[in-house]
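Here is a structure to walk through step by step.

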Amino acid sequence: MNIPNHVAIILDGNGRWARAKGMPRNYGHVQGAKQVELICEKAYKMGIKYLTVYAFSTENWSRPKDEVDALMKLLRQYMKNCIKIADKNDMCVRIIGDKTRLDPDLQESIAKLEEHTKNNPGLRFQVAINYGSRDEIVRATRHIAELVEKGEMKPEEITEKTISDHLDTAGFPDPDLMIRTCNEQRISNYLLWQLAYAELYFTPVAWPDFNEEELKKAVEAYNQRNRKFGGLKEE
C-alpha cells in the first residue's frame, strides 16, 4: 500500500459527538484530545512521517466565551502532557499559527514543548492553534515585503518556494492527504496554499470515534485515487 508521507486532519465533530451522548460540548473536546494521541501513534506505525491537525482556528474565538476558555484550559493541559507523549513516541512537535494572541503562559508552554522535542527522530507533528490560512499568507507576504523594502530581496526573485519558505509550515512537505471528520465537506481556511495537490477525504465519523480502522480506510481511499500532476500519473 502507498502510504501518504504527510496527512493533515481537521478534527471536526467533538461538540456534536458529545451532545449526541447527552454530554456538554467540552466533554467532546476532552475526548477528542485523547484521540489525537492515539492517531499520532497509529499514523507513525503505519508509515506516515508528517501529521498536521487543526486544533483551534482564528475563527474559533467567536465561539461562546465559556467554550473558548475551556478550550484554552484543555490546550494548556495538552501542551504539558504532550512532552510525555512526545518522549514516549519520539515525536517532534511544533505549533503553527499566530501565537501572539495566546496568553503568555501558553506561549511559554509551546516554546518549552518545541525546544524539548526538536531533536526527536519520530513523527513530525504539527498542531495548528490560532491558525487561519489566509492570516498565515498575509503574515508571510508582509515578511517578504519587508525584505524587499530593506533591499534584501528583489521582487523578481520571489518564487513559489519563497512564499512556502515564509509560511508557518516551512520545512514540512505539502500534505498528500487531507482528512475531515463528521462529514463537513469544506477545508475551512486550512492550509490553503499547502493543499493545492492533496487528496481530500471526508468521513461521517466524528473525531472522537476516528480510530486506527478509520485511518486505514482513509489511506485505502487515498490509494484508489488516480493521482496526476500536470497530466502525468504519479509514479
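A crossing of two helices is called left-handed if the near helix is turned anticlockwise from the far one by less than a right angle, and right-handed if clockwise. Keep that in mind for later. The model is predicted: local features need pLDDT of at least 70, side-chain atom pairs count only at pLDDT 80 or more, and totals for chains, interfaces and linings use all residues. Residues are numbered from 1 along each chain as its sequence is written, and side-chain values use heavy atoms, with hydrogens and water left out.

Start with the whole chain. It holds 7 helices and 8 strands (DSSP runs numbered from the N terminus: helices are H or I with at least four residues, strands are E with at least two). Along the principal axes, its C-alpha atoms fill a box of roughly 60 × 45 × 35 Å. Of the 235 residues, 46% count as buried (under 20% relative accessible area, with a 1.4 Å probe and protein chains only).

Now pick out two helices. Helix 2 covers residues 25–46 and helix 3 covers residues 65–89. They pack at an angle of about 20°, with axes 10 Å apart (axes are lines fitted to C-alpha atoms over the stretch in contact; angles run from 0 to 180 degrees between N-to-C directions). The two helices are therefore roughly parallel, a label for angles under 35 degrees. Helix 2 passes helix 3 in a right-handed crossing.

Which residues of helix 2 make the contact? Among them are Val30, Ala33 and Val36. Helix 3 brings residues including Leu71, Leu74 and Tyr78. Contact means heavy atoms within 4.5 Å.

Definitions and conventions. Angles under 35 degrees count as roughly parallel, over 145 as roughly antiparallel, 65 to 115 as roughly perpendicular and the rest as oblique. Buried means under 20% relative accessible area, exposed over 50%, partly exposed in between (1.4 Å probe, protein chains only).
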